[in-house]
Amino acid sequence: MKRILILLIICLSPLFAREMGEFVKDIQIKPLQFDVPGITSSTNPSGVEVFSLKNSEFPIVYADILIYHGKKHLGSRPVEIARILEDTWELSGSKTFPKEKFLETLEFYGASFSVSVDYEKTIVSLSYLKKTESIVLPVIQSFFQNPNLDETLLKVTKGKLTEEINRRNDNPSALGSRKAKEALFRGTIAGTSMKKENINAVGLDELLSFQSQILSEPKRRLLITGDFDLKSWDGFFSNLPKTIQPKEEMITPSILSANVTKEGKEIRLVTKDVNQTFISMMGVLPEHNHPDFYAIQVLNYIIGGGGFNSYYMREIRNNRGLAYSAGSNTDFQENYGTIQFYAMTKSESAKDVLSLMQELIQPKLINSLTEDELLRAKNAIINQFVFQFEDDKRTLSSEVRRRDHKMPEGYLQNFRKEIEKVTLADLKRVGKLYFQSDKMITTIVGPKSLMSFWKGSVTLIQPED
């Protein structure tokens, strides 16, 4: 049934992509009806919370091990430690299966394995054939019980990351988004980018210390799908004693808003000799479980998040031909949210595009939105919601994210109803609160000559400032 619904969405998607055209704009497409998959939650003998969705169609098991210790627990230590550990740890294997032997053994049995040290947590992802479970699980278990952080691989990792830094300014949009994030999250780990001098200074002892903290973190979750047998995992995790939660970084909307105020209203021009200028306006949103969440999602879809359905694409790209791409995106976390409006344009069009980007989020436009526009946006969001459940791993991740962000019970089941409740009055309210250009940090990547467009109101920034 799920596949039929997904195919239906795919068939209808061209209509959504072109609904602003005269010949389809009056077509009314009703929201799809579907049931959110049922997720089983349990606790294994080691106290690890397990989220599972059984699917025996193929004899394959997919699993994510979430360890709730990540970059936000670094404290005053260099942010580079997390990334260096991530790359070196995965290649080092375990003392039982050191270095190449670890991944080669898994590959021989058709298993995949990866490690990611993210901001909130460390994630170990794996998959394997069910018939090899008794062989593969002990190999992976050794990675946790007898880690083998290899100093020779540390040098290789440092070289690779140094080269990554050398290349990270090649893409104007990636550069602009990075500099915008650095400004909005200034003073936090989340807003700190890697530096070559810090990479070279990181030693093995620092990595071992952070690795030890991750492995001793008792808060863990197992997300498992496919043709699994949970009994096979009963003895996988060590019984870890509950400890005092380590100090962690806390980011709130007030901290981010203070950074916006500090930056002022000047345009931040990141100088780079390019023909295609990238423009970003980044602002602050409330936390994920805030009552305004649903109205923000709808308004964002109408203004910039809806692709060809949005005002940004229609007015900036289609009607005026001023941009290669234009849009917006939101990011909601447990304690804060962000919104970014962006466009990619010719350097000579930068002034006109920025002016139009600001105009399209002013109360004048938001207050003029119609019930038809609201209905189309709500239907599109509701119909796209089915893709949250296009595979079982993503379904489990959505449920864990709900719990991590303290969203109410039944959030996934009630999402569509909450979107349907959004009114034009709600859009006007959240527009005044969060969709205002004077409450955003404006960052532009382009040639120094762009200063002449905004005389006296531009701060020059080098890519590695």
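1. Start with the aromatic cluster: Trp 89, Phe 102, Phe 113, Phe 143, Phe 144, Trp 233, Phe 236 and Phe 237 form one. Rings of Phe, Tyr and Trp (its six-membered ring) pair if their centres lie within 6.5 Å; planes under 30 degrees apart count as stacked, over 60 as edge-to-face and the rest as tilted.

2. A word on the source: this is a predicted model, where local features need pLDDT of at least 70 and side-chain atom pairs count only at pLDDT 80 or more, while totals for chains, interfaces and linings use all residues. Residues are numbered from 1 along each chain as its sequence is written, and side-chain values use heavy atoms, with hydrogens and water left out.

3. The structure holds 21 aromatic pairs. One of them, Phe 143 with Phe 144, is edge-to-face, at 5.7 Å centre to centre and 85 degrees between the planes. Both Phe 143 and Phe 144 are buried (under 20% relative accessible area, with a 1.4 Å probe and protein chains only).

4. Now look at Phe 385 and Phe 415: their ring centres are 4.4 Å apart and their planes at 15 degrees, so this pair is stacked. Phe 385 sits in the loop between α14 (371-384) and α15 (392-404), and Phe 415 in helix α16 (residues 411-421), 30 residues apart. Phe 385 and Phe 415 are both buried.

5. Stepping back, 53% of the 465 residues of the protein chain count as buried. Among its contacts with a separation of 6 or more, 82% come from residues 24 or more positions apart (contact means heavy atoms within 4.5 Å).

Notes: Buried < 20%, exposed > 50% of the residue type's maximum accessible area, 1.4 Å probe, protein only. Helix = DSSP H or I, 4+ residues; strand = E, 2+ residues; numbered from the N terminus.
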